[in-house]
Amino acid sequence: MRIVLLRHGQTDRNATDRFQAQADVPLNDTGMRQAQEIARSLRPGSWSAVYSSPLARAAQTAAYAAGRLGVPHRRLDGLRERDLGTLDGQNRAEFARQHPRTMRRLLTDPGYAPPGGEAGRAVLCRSAAALRTIAEAEAAPDGTDRTPPAPAVLAVTHGGVLNLLTRALVDPVASPEVLVGTCAAVCVDVEWSADGRPHAALRRWNVAPHECEEAPVPAPPLSFVDLDALVLDELNSKEVTRT
C-alpha cells in the first residue's frame, strides 16, 4: 500500500519564516494556488482516499485534492503539527542564529521537547499510529495489502511531522537536512507482516505527489520499519519515566 504524505500549502507564517506549530493558520493566496495546482496534477482513479490533519491549512489543501479526485476526505488528529510551546510564532532563521544547538535538537533529537511543547518522540507515536489507522482503513476488502499500482492514499500533514517521520524511516546518517517544501510530498510504502504488524518504508522524499502515483522502475530495495515499534517506543519511554 502506498501512503503519500503531503505538506500543506503556504500560509502567511510560512511566507515570513515563522514557527506556526498548532496555531490554526489558514492558507494564504499562494497556498490556495499551490493546493489547487497540486489537486489538478493528481490523476482520478489513482487515489482511494484523502486524509488530513484537522488544522485549517492542511484540511484546506486536502479538500481541493478530495474534490478533484472524488474521494472521501477524513481528518485524523494524529496528523496534527507538533506543539512547539514557547517557540510558536518566533522567526525560524533568527531563532536558529541565536540558538543553533537548540534548533538542531529540535530537528534531529526525538527526545527533545521545547518549553511547553511536545517531544519529537510523542509526535512520532501519534503520527505512526495515524499511518496504521490509514493502512487498516484502506486495506483491500479481503484484508490483504494493496500494492502499487493499486490506488494510493493522500494524507496532508505538516513539516514538523514529516521531518520526524522521515528520520524514523531512514538511516539517521542519510536523513535529509532540509524540511519538505510546502505542497511537496513524502512517498511511503506500507506492508503487513505475517503477525499483522504494519511496516513502512520511505520510497521518495520532497517530490510532487503525482510522482508517487507509480512505482519507480526499477524499484530500489526498501528498508521497512515497524510502525507499532515507533508507537511502543514512546509508550515505553513514558512508563520508564513514571517509574
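Cys 183 sits in the loop between α7 and β5 (185–192), where helices (H or I, at least four residues) and strands (E, at least two) are DSSP runs numbered from the N terminus. Cys 183 is buried, with a relative accessible area of 8%. Buried here means under 20% relative accessible area, exposed means over 50%, and partly exposed is in between (1.4 Å probe, protein chains only). Most residues other than glycine have a negative phi. Cys 183, though, has a positive phi, near 60°.

Asp 17 also has a positive phi without being a glycine, with a value near 55°. Asp 17 is found in the loop between α1 and α2 and counts as partly exposed because its relative accessibility is 29%. Here are the two residues in a table.

| Residue | Phi | Relative accessibility |
|---|---|---|
| Asp 17 | near 55° | 29% |
| Cys 183 | near 60° | 8% |

A word on what you're looking at: this is a predicted model, in which local features need pLDDT of at least 70, side-chain atom pairs count only at pLDDT 80 or more, and totals for chains, interfaces and linings use all residues. Residues are numbered from 1 along each chain as its sequence is written, and side-chain values use heavy atoms, with hydrogens and water left out.

How confident is the predictor? The score to know is pLDDT, the predictor's confidence in each residue, from 0 to 100. The protein chain has a mean pLDDT of 88, and 85% of its residues reach 70 or more. Over residues 239–243, however, pLDDT stays under 50, and the model has zero contacts there beyond four places in sequence; a contact means heavy atoms within 4.5 Å. Where pLDDT is low, the predicted coordinates should not be read in detail.

Now for the overall build. The protein chain has eight helices and seven strands, and 48% of its 243 residues count as buried. Take the contacts between residues at least 6 apart in sequence: 72% of them join residues at least 24 apart.

Back to α7. Nine of its eleven residues are buried, so α7 is largely enclosed by the rest of the structure. Among the buried ones are Gly 159, Leu 162 and Arg 167.

Helix α7 (residues 159–169) packs with helix α6 (residues 120–137) at an angle of about 85°, with the axes 9 Å apart. The axes are lines fitted to C-alpha atoms, for helices over the stretch in contact, and angles run from 0 to 180 degrees between N-to-C directions. That makes α6 roughly perpendicular to α7, since angles under 35 degrees count as roughly parallel, over 145 as roughly antiparallel, 65 to 115 as roughly perpendicular and the rest as oblique. On the α6 side, the contact includes Val 123 and Leu 131, while on the α7 side it includes Val 161 and Ala 168.

Which rings pair up? A search of the whole structure finds one aromatic pair: Phe 19 and Phe 95, edge-to-face, 5.9 Å centre to centre with 80° between the planes. (Rings of Phe, Tyr and Trp, using its six-membered ring, pair if their centres lie within 6.5 Å; planes under 30 degrees apart count as stacked, over 60 as edge-to-face and the rest as tilted.) Phe 19 is in the loop between α1 (12–15) and α2 (29–41), and Phe 95 is in helix α4 (residues 92–98), 76 residues apart. Both Phe 19 and Phe 95 are buried.

Finally, Arg 75 lies in strand β3 (residues 73–75) and counts as exposed, at 52% relative accessibility. Not counting residues up to four places away in sequence, Arg 75 touches Ser 52, Ser 53, Pro 54 and Ala 59.
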